[in-house]
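Visitor: I would like to go through this structure step by step. Please show it first.

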Amino acid sequence: MILSVNNINKSFHEVPILKNVSFHIEDYEKAAIVGINGAGKTTLLRIIMGELSADEGLVTLAKDKTIGYLSQQEAVSGENTIYQELLCVKQDILDMEQRMHTVELQMKTADNERLSGLMETYASLTHAYETANGYAYKSELVGVLRGLGFTQEEFYKPVSTLSGGQKTRVALGKLLLLKPNLIILDEPTNHLDIASKEILEDALNAYEGTVLYVSHDRYFINKITDKIAELTSSDLTVYLGDYDYYVDKKVEEAEIKKLEAEKVPQTAEVKTTPANMSFAEQKRLQSEQRKVERQIDEIETNIEKYETQIEALEMEMTKPEVFQ
């Protein structure tokens, strides 16, 4: 478990916003917090980040774990280029490079007595530089930018000229370079077009850490989520599945409540045949069936896509210049 939230309560001007909110996030999970506007989703994130204090309750981050946070309002600005903005994340490596260069110059003119100490300093710096991935940070930075959909020509555009969606991608790029164990995002798809959303989906799916985010975009949630925490005015409920599973469970819960309210009589003996299953069991099986059908549709779509790619590659291989 990387994050635990226990019995959080928060009120503003005596109006309750969060009531006994509890949930936890496991390592490597991709979890979404959903709920209507005003349910307290952003407030909950700010309490987790320590920007707000809870009236009651406790937030616990696992030992030696780090968090990166991207709020709704946070955006990059200034006259840095996109490349320079991400390069700021590697300032510690840049500082080590400068110190190494300084020591190199000093060694060229040092006498034998001083040279020994400089060589020890240089060896220590190079070891720290290598440990910090200093020899590969440029390729790492370029890989993140390309993974976020930026072309080589765009690397040198000032961030002040970017759209809101592009600025969000730059801010996310900085988080990805920092490599926190847990990334927390508040409405990350705001201002993003369809292509940018797909890029964001791919980046978060590929991220090897844990992701917790707030979103209203059901299609985005479906792509990258394996746990949903629904926040209401009265409590928080966790559903282990994607958005479609969450919707199915909500429908099932509503139908069960309706059935219970109507007090439908149950027979004393219930056979285990489909026709005589309980209403709840029938709904559960129907939900599972729909989930399997969606998975089959997705597999068939992928097969068709891969067959098309194979055919294109086979055609490409028939070209003499490629074959050689």
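Visitor: In which crossing, left-handed or right-handed, does H5 pass H6?

Guide: This is a predicted model, where local features need pLDDT of at least 70, side-chain atom pairs count only at pLDDT 80 or more, and totals for chains, interfaces and linings use all residues. Residues are numbered from 1 along each chain as its sequence is written, and side-chain values use heavy atoms, with hydrogens and water left out. Helices (H or I, at least four residues) and strands (E, at least two) are DSSP runs, numbered from the N terminus. A crossing is left-handed if the near helix is turned anticlockwise from the far one by less than a right angle, and right-handed if clockwise; for H5 and H6 the crossing is right-handed.

Visitor: At roughly what angle do the axes of H5 and H6 cross?

Guide: Axes are lines fitted to C-alpha atoms, for helices over the stretch in contact, and angles run from 0 to 180 degrees between N-to-C directions. The axes of H5 and H6 come within 10 Å and cross at roughly 140°. That makes H5 oblique to H6, given that angles under 35 degrees count as roughly parallel, over 145 as roughly antiparallel, 65 to 115 as roughly perpendicular and the rest as oblique. The angle asked for is roughly 140°.

Visitor: Which residues of H6 make the contact with H5?

Guide: Contact means heavy atoms within 4.5 Å. On the side of H5, the residues are Glu140, Leu141 and Val144. On the side of H6, they are Gly173, Leu176 and Leu177.

Visitor: How far apart in space are Leu177 and Val144, C-alpha to C-alpha?

Guide: Leu177 is found in helix H6 and touches Leu86, Val89, Lys90, Glu140, Leu141 and Val144, not counting residues up to four places away in sequence. In sequence, Leu177 and Val144 are 33 residues apart. In space, their C-alpha atoms are separated by 7.4 Å.

Visitor: How many of the 15 residues of H6 are buried?

Guide: Buried means under 20% relative accessible area, exposed over 50%, and partly exposed in between (1.4 Å probe, protein chains only). Leu177, at 4% relative accessibility, counts as buried. What covers the buried residues of H6 includes strand E5 (67–70), helix H2 (82–87), helix H5 (137–147), strand E6 (182–186) and helix H7 (194–206). H6 is largely enclosed by the rest of the structure, because its buried residues number 12 of the 15.

Visitor: How are H3 and H4 placed relative to each other, roughly parallel or roughly antiparallel?

Guide: Helix H3 covers residues 91–109 and helix H4 covers residues 112–131. Their axes come within 10 Å and cross at roughly 155°, and H3 passes H4 in a left-handed crossing. H3 and H4 are therefore roughly antiparallel.

Visitor: Which residue that follows H6 has a positive phi?

Guide: Most residues other than glycine have a negative phi. Helix H6 covers residues 164–178. The residue that follows H6 has a phi near 55°, and its name is Lys179.

Visitor: What is the relative accessible area of Asn7?

Guide: Asn7 lies in strand E1 (residues 3–12). Its phi is near 50°, a positive value in a residue other than glycine. Asn7 is partly exposed, and its relative accessible area is 45%.

Visitor: In which strand is the place of Asn20?

Guide: Asn20 is not a glycine, yet its phi is positive, about 45°. Its place is among residues 15–25, in strand E2.

Terms used: Expected span 1.5 Å × (residues − 1).
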